[in-house]
Amino acid sequence: MRLLVLEDDARLRRAYARRLRDEGHAVDEVCTMGDARLALADAEYDCLVLDRLVVDGDAIGLVDELCNDANGPSVLVLSALGAPDQRVEGLTRGADDYVGKPVRLEELALRVRRLLVRGPASTRRVQLGRMAIDPARREVRVDGALVHLTARQYGVLDYLVANRHRMVTTEELLEHCWDRNRPLFPNPLHSQISRLRGLFRGVLLIESVRGEGYV
């Protein structure tokens, strides 16, 4: 999943982003609302993690701008403004979750994971022949045995499976599974697809559409 973290404290921003990348997410980092708006205009995000008070205003305004989009990203607000009435205000204005600071990194990762699987379709266990995927647990099993994947491998597989009824372009996979700081060369996707093919040989077929993408 691709996430946007808005936090004007550089130390906290790096810590949040590092922990979320450990979960296999692609994370873009910004420190102002202006930069956040530019990022939102440039890419599609699955979830936003927003510090509320940043140098150029109250980021709850971003929530106001997004709340009318039914297909927009989930929003988690992290804020020192954590009094009950402030949390109620944030949730009323469209945030999906609101947490007062300080927050443990494990709790942050868990809350983001729950937001990303909030819909009934996205939490449903997927069975593909001998392979079963549990999005809520981020687990993959073959014939009941757990397959150990890196966070990045799980992210690529999860996106391919979620879009298994169509071709997924190479650029779409890169945009969804890597952040804007990904290396341009070599193509990081090729090695991940090769590893997934090796892990699921005889179980799952990942076909290449030459010059375009994967099915």
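## The hairpin of strands 10 and 11

In this predicted model, strand 10 and strand 11 form a hairpin with two residues between the strands, and D143 takes a positive phi near 55° there. The two strands, of which strand 11 covers residues 145-147, pair in the antiparallel sense over three bridges.

## The hairpin of strands 9 and 10

Strand 10 also pairs with strand 9, made up of residues 131-134, and these two strands run antiparallel and are joined by four bridges. Within this pairing, A132 has R141 of strand 10 as its bridge partner. Strand 9 and strand 10 form a hairpin as well, with four residues between them, and in its turn R138 has a positive phi of about 55°.

## The two faces of strand 10

Which residues of strand 10 lie on its covered face, and which on its uncovered one? In this strand, which spans residues 139-142, V140 and V142 make up the covered face, while E139 and R141 belong to the uncovered face.

## A loop residue elsewhere in the chain

A80 is found in the loop that lies between strand 6 (74-79) and helix 4 (84-92). Is A80 buried or exposed? Its relative accessible area is 66%, and because exposed means over 50%, A80 counts as exposed. The C-alpha atoms of A80 and V112 are separated by 18 Å, and these residues are 32 residues apart along the chain.

Note on methods. Residues are numbered from 1 along each chain as its sequence is written. This is a predicted model: local features need pLDDT of at least 70, side-chain atom pairs count only at pLDDT 80 or more; totals for chains, interfaces and linings use all residues. Side-chain values use heavy atoms; hydrogens and water are left out. Buried means under 20% relative accessible area, exposed over 50%, partly exposed in between (1.4 Å probe, protein chains only). Two strands pair if DSSP finds at least two bridges between them.
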